[in-house]
Amino acid sequence: MTGEDNPRSVSKDDLLADYKRIAEELGKTPTQSEYNEFGKYSQRAIQSHYGSMGAIQDAASLERHRKGRVTLQCEVCGEEYSVKHAEKDKSRFCSRDCLSQWKSQSITSTAA
């Protein structure tokens with residue numbers, strides 16, 4: 001291993017700063033593939049210095065990907081539910097029942 005692929009060629013602080021930079025540019029916690037695409041260093045450096053993507057996310061004080069999922073709160077019933085990280089901005093309800101209830105309430109309130 002030479003150059004960027006050698007984990008010893010980057011300090012832990014530089015790696016963390018680069019990960020935070022990518023998070024800021026993306027406006028969210030970078031996935032492994034996003035960091036591989038936009039980051040300055042290799043995945044091997046993250047593995048060497050932090051052991052896992054979750055550990056560098058924790059060190060950067062970013063929302064941690066848990067198997068690519070995040071926990072949200074349902075707008076109707078208030079229950080927490082899990083969705084894929086990529087779908088978090090589109091999801092508002094924990095179930096079809098809550099979606100139906102919301103639609104029913106929205107139709108009733110707009111018809112009145």
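This is a predicted model: local features need pLDDT of at least 70, side-chain atom pairs count only at pLDDT 80 or more; totals for chains, interfaces and linings use all residues.
Helix 3 spans residues 43-50, and its buried residues are Gln43, Ala45, Ile46 and Tyr50. Viewed down the helix axis, these buried residues fall within an arc of 155 degrees, so they line one face of helix 3. The cover over them includes helix 1 (12-26), helix 2 (32-38) and helix 4 (53-59).

Two packed helices are described by the angle between their axes and the distance between the axes. For helix 1 and helix 3, the axes come within 10 Å and cross at roughly 125 degrees. This angle makes helix 1 oblique to helix 3, and the crossing is left-handed. On the helix 1 side, Lys12, Leu15 and Leu16 take part in the contact, meeting Ala45, Ile46, His49 and Tyr50 of helix 3. Sorted by class, the contact comprises five nonpolar residues, one polar residue and one charged residue.

Attention now turns to Met53, which sits in helix 4. Met53 is buried, because its relative accessible area of 11% falls under the 20% cut-off. Beyond its neighbours within four places in sequence, Met53 is in contact with Tyr19, Pro30, Thr31, Gln32, Gln43 and Ile46. Gln32 lies 21 residues from Met53 along the chain, yet the C-alpha atoms of the two are separated by 6.9 Å.

Terms used. Residues are numbered from 1 along each chain as its sequence is written. Side-chain values use heavy atoms; hydrogens and water are left out. Buried means under 20% relative accessible area, exposed over 50%, partly exposed in between (1.4 Å probe, protein chains only). Helices (H or I, at least four residues) and strands (E, at least two) are DSSP runs, numbered from the N terminus. The arc is that of the directions from the helix axis to the C-beta atoms. Contact means heavy atoms within 4.5 Å. Axes are lines fitted to C-alpha atoms, for helices over the stretch in contact, and angles run from 0 to 180 degrees between N-to-C directions. Angles under 35 degrees count as roughly parallel, over 145 as roughly antiparallel, 65 to 115 as roughly perpendicular and the rest as oblique. A crossing is left-handed if the near helix is turned anticlockwise from the far one by less than a right angle, and right-handed if clockwise. Ala, Val, Leu, Ile, Met, Phe, Trp, Tyr, Cys and Pro count as nonpolar, Asp, Glu, Lys and Arg as charged, and the others, Gly among them, as polar.
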